[in-house]
Structures are given as structure tokens and as C-alpha cells.
Amino acid sequence: MSKVRAVNGFEIREESNKDNRRVIIIEYKIDNEFFAQSTYYDVDEEKIQKVKEKLEDYTSTNREAEELCRTLHLPTIVHSVDRIMYDY
């Protein structure tokens, strides 16, 4: 691992809230430590799978980067996830 600090990992958790709505929480991590999170409601399995694939690609790119300018920054990552989750 280089000394570049960028989002290089993630975890997707599924929960239910008090209204029994399906809640998806995505934790973005840097070197296995919590950095930020996004929360989405009522997401189907197909979207979750697409998000997983996108995040695996992006975090892999960031893990391999040796210069900060070669990484994908959190706003770019979150925007891509939002595009999948909200179909825009």
C-alpha cells in the first residue's frame, strides 16, 4: 500500500428501521478505518449488486494508486452510487 490516503474500502450493511423499511448503509473506509457513510432506503438487490461492483472497481483503483491525483475522491464515488440508487 502506498502512502496515498483515499477511500480504498467499503462495507455494505442492511438493516430495518422502526417502520420495517429496508435500510442500506454504505461505510466508506480508508485503510479499514471508518471515513464516511451513506444511507439509502428501499433498495432492491439488483441495485445493491451494481453498487457493489462499482465500489469494488473504484476502491481497487484507489488501492493501486501511488499518487493522489490518480485516485477517485469521495464525492465522485458517492455521486456514482447515487446515480445507481436513484436511477438518474
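Analyst: A nonpolar core is a set of buried (under 20% relative accessible area with a 1.4 Å probe, protein chains only) Ala, Val, Leu, Ile, Met, Phe, Trp, Tyr and Cys residues joined through side-chain atoms within 4.5 Å. This is a predicted model, in which local features need pLDDT of at least 70 and side-chain atom pairs count only at pLDDT 80 or more, while totals for chains, interfaces and linings use all residues. Residues are numbered from 1 along each chain as its sequence is written, and side-chain values use heavy atoms, with hydrogens and water left out.

User: Which residues of the largest nonpolar core touch the most other members?

Analyst: Among its 17 residues, these are I26, Y28, Y40, V51, L55, V81 and M85. Two or more residues come from each of strand 2, strand 3 (33-41), helix 1 and helix 2 (74-86), with helix 2 giving the most, 5 residues. Beyond four places in sequence, M85 touches I26, Y40, V43, K47 and V51, where contact means heavy atoms within 4.5 Å.

User: Why is N62 called buried?

Analyst: The relative accessibility of N62 is 1%, and the limit is under 20%, so N62 counts as buried. N62 is found in helix 1 (residues 45-64), and, leaving aside neighbours within four places in sequence, N62 is in contact with A6, V7, N8, T71, L72 and I77. The side chain of N62 also reaches the backbone nitrogen of L72 at 2.7 Å.

User: What makes strand 1 and strand 2 a pair?

Analyst: Pairing requires at least two DSSP bridges, and strand 1 (residues 9-16) and strand 2 (residues 22-30) have 8, in the antiparallel sense, so the two strands pair. One of the bridges joins S16 to R22 in strand 2. The two strands form a hairpin with 5 residues between them, and N20 in the turn has a positive phi of about 60 degrees.

Technical notes: Helix = DSSP H or I, 4+ residues; strand = E, 2+ residues; numbered from the N terminus. Buried < 20%, exposed > 50% of the residue type's maximum accessible area, 1.4 Å probe, protein only. Polar contact = N/O pair within 3.5 Å; in protein donor to acceptor, adjacent residues only side chain to side chain.
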